[in-house]
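Subject: Structure handover

Hi,

Here is the structure I promised to pass on.

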Amino acid sequence: MDQAAGDARPLTPGGTRPPVLPELLKTVHVPERFSPSAFHALERCPLSQLHGLGEAERLPPNPAALLGTVLHETVARLARVGPPAHDVTEVFDEVLHSTEEAARRLWPQAGLVPLRRAVGRTVWRKGQARLLAWASGAARSVPPSRRAPPRGLPGDRVPRIPTGRERRLDVPELRLAGRPDLIERIGTEVHVTDLKSGVTARGGRPSLPLARQMWLYATMLETLEPGVRVRLWLHGADRVEVPWGESERADTRARLDDLLVRFPSGRPVEAAAVAIPGPHCGPCPVRHRCPGYRSRAVSWWGQTSSDGPVAPYDVWGEVTGRPSPTDPTDDRAALRDEAGRTFLISGAARWSFVPGERAWFFGLRPDETTPMHGTWIHPRNFRIPDVDMDGVGIQGVYRSRP
C-alpha cells in the first residue's frame, strides 16, 4: 500500500522515533535581578530572557556562536593571568575541550562537535586570527588592575565599588546584577572594561547594543557611589571608549525605569504576552516553545521579500508519507504544513514517522534556489543540514503526542 495514502506503519521501520514536542511556554516568572549583558535581548523580546528553560531544554546554538563563547572565555583567561604567547594555544585547547564536552552532553544529535568541523574552515580561521591578535599583544594591553584607595582613613568614604577582574556588581534598587570583565580606579576615575571576542565598533563608533550594556554598568556605579566619574571601554581587537554623558544617562534611566515598571520582581506573566516575534526569532533557542513565534511563523511562510528570508528555515505540519514508498533510496519525507502547502524534506527518513501524525523541524536548509529572481519566499523543499556542507546540524526534530 502507498503509505502516503494512509498506511499506519512507520515510514522508516527501525528508524529513530523523534521526541515528542514539548508544550508551549504558558507562564514565566520575572527574576529579582536583570543582567546588563542581556538587556538588549530583553528589550527586543522579553520572553527570550524570561523563559526560565535550562540549556538542555533549548534548541542547540549555532556553532559559530559556540565558537564565539570559546574565544571570549579564552581571551578572558589570558587577560586574567597574562600568560606568554606560547601558552595561548594551550588555554584555547582547554576551553575548547570543556565546551565541546558540555555540547556533546547537552545536544548529542546537533552536530556541534567537533567544533572545528562544525563551523567550517573559513569561520574557524577567522576565529583563530582574532585570537592571534590578542596573543600578539591586544589582550595584554589592558592595564593591570589598580588597587582601590586604602579604606578607613580619616575623612575618606569607604568605596562601595569593587575593583578587579570579574567582580560582581549588585544594585538592589536598580534590580541589576552583573560582572564586568575589569573595574579599575585610576586617579579619581573608575574605568570599566568589557572584553569582546567579536566586532565592537564600526567607523570608530561602538556597537549600540554593547554601548547600552556599558551604560547600565555606569548607572550601577553611579548609584553605588554618587558623584563618581566613570569611563567605559570595549576591548576587542581594538580598545574603544564608549561615550557616557547626560544624554546617555537619561536614555539609560528611561529604558531601565520602563522595564522595571513593566516587570515587577517575582510576578508571573503570560508567555504569550511578553513574546515579540520578529527577525530576531531565527537564532532564538526557545522558539520551538514560544507561543508568539509558533503562531506568527505560519503567516510569514506565505510572504515574499526582496531583502532576505521571510522566516527562519523551520517548518511543521502533518506527515503524509514518502514520495516514493517503494524506493528504499528515497530518503525524503512529505508533509503538509499549517499554511496548506505540501513540502519535502530530504534526509528526514533517518527518523521514523507515522503518516497522519504531526512533525516539527527546526533549523533546516533550503533544497531549492533562494532567492528566485531576486525574490525570497519560504521554501517548499528542505534538507537536513549537513555539518560538512553547512557548518551546522539539525537543531530539533519532534513529533506530536500519540
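Before the notes, one term: buried means under 20% relative accessible area, exposed means over 50%, and partly exposed is in between (1.4 Å probe, protein chains only). Helices (H or I, at least four residues) and strands (E, at least two) are DSSP runs, numbered from the N terminus.

A bit of housekeeping. This is a predicted model, in which local features need pLDDT of at least 70 and side-chain atom pairs count only at pLDDT 80 or more, while totals for chains, interfaces and linings use all residues. Residues are numbered from 1 along each chain as its sequence is written, and side-chain values use heavy atoms, with hydrogens and water left out.

**Confidence**

pLDDT is the predictor's confidence in each residue, from 0 to 100. The chain averages 86, and 87% of the residues score at least 70. By element, the highest mean pLDDT belongs to helix 10 (residues 291-300) at 97, and the lowest to helix 11 (residues 387-390) at 68. Over residues 1-6 the pLDDT stays under 50, and the model has 12 contacts beyond four places in sequence for them; a contact means heavy atoms within 4.5 Å. Residues 144-156 are also below 50, with 15 contacts beyond near neighbours in sequence.

**Overall**

The chain has 402 residues, of which 49% count as buried, and it contains 11 helices and 20 strands. Of the contacts with a separation of 6 or more, 65% are between residues 24 or more positions apart. The accessible surface (Shrake-Rupley method, 1.4 Å probe) comes to about 19,800 Å², and 51% of that belongs to carbon and sulfur atoms.

Two strands pair if DSSP finds at least two bridges between them. On that basis, seven strands make an open sheet with mixed pairing, in the order 17-19-15-14-13-16-20. Strand 17 (365-366) and strand 20 (396-399) are at the edges with a single partner strand each, so one side of each has no neighbour in the sheet. Strand 17 pairs antiparallel with strand 19 (residues 381-383) over two bridges, and there proline 366 sits opposite phenylalanine 382.

Helix 10 packs on this sheet, touching strand 13 (315-321) and strand 16 (358-362), and its direction makes about 70° with that of strand 13 (axes are lines fitted to C-alpha atoms, for helices over the stretch in contact; angles run from 0 to 180 degrees between N-to-C directions). Seven of the 10 residues of helix 10 are buried, so the rest of the structure largely encloses it. Among them are Tyr293, Arg294 and Trp300. Their cover includes helix 2 (47-50), helix 9 (271-274), strand 13 and strand 16.

Is it buried or exposed? Arginine 289 is buried, at a relative accessible area of 14%. Beyond its neighbours within four places in sequence, its contacts include Glu23, Glu57 and Arg294. Arginine 58 is 231 residues from arginine 289 in sequence, yet their C-alpha atoms are 8.8 Å apart.

Strand 5 runs antiparallel to strand 2 (residues 164-165), with two bridges, and antiparallel to strand 6 (residues 189-195), with five. In the hairpin of strands 5 and 6, two residues lie between the strands, and glycine 187 takes a positive phi near 65°.

Strand 6 then pairs in the parallel sense with strand 9 (residues 229-235) over seven bridges, with threonine 193 opposite tryptophan 233. Five of the seven residues of strand 9 are buried. Strand 9 also pairs antiparallel with strand 10 (residues 239-242) over four bridges, where leucine 232 has valine 242 as its bridge partner.

**Cores**

A nonpolar core is a set of buried Ala, Val, Leu, Ile, Met, Phe, Trp, Tyr and Cys residues joined through side-chain atoms within 4.5 Å. The largest has 77 residues, and Leu232, Ile345 and Phe361 are among those with the most contacts inside it. Helix 7 (residues 208-224) gives the most to this core, with 10 residues. A second, separate core of 23 residues includes Val88 and Phe92.

Cheers
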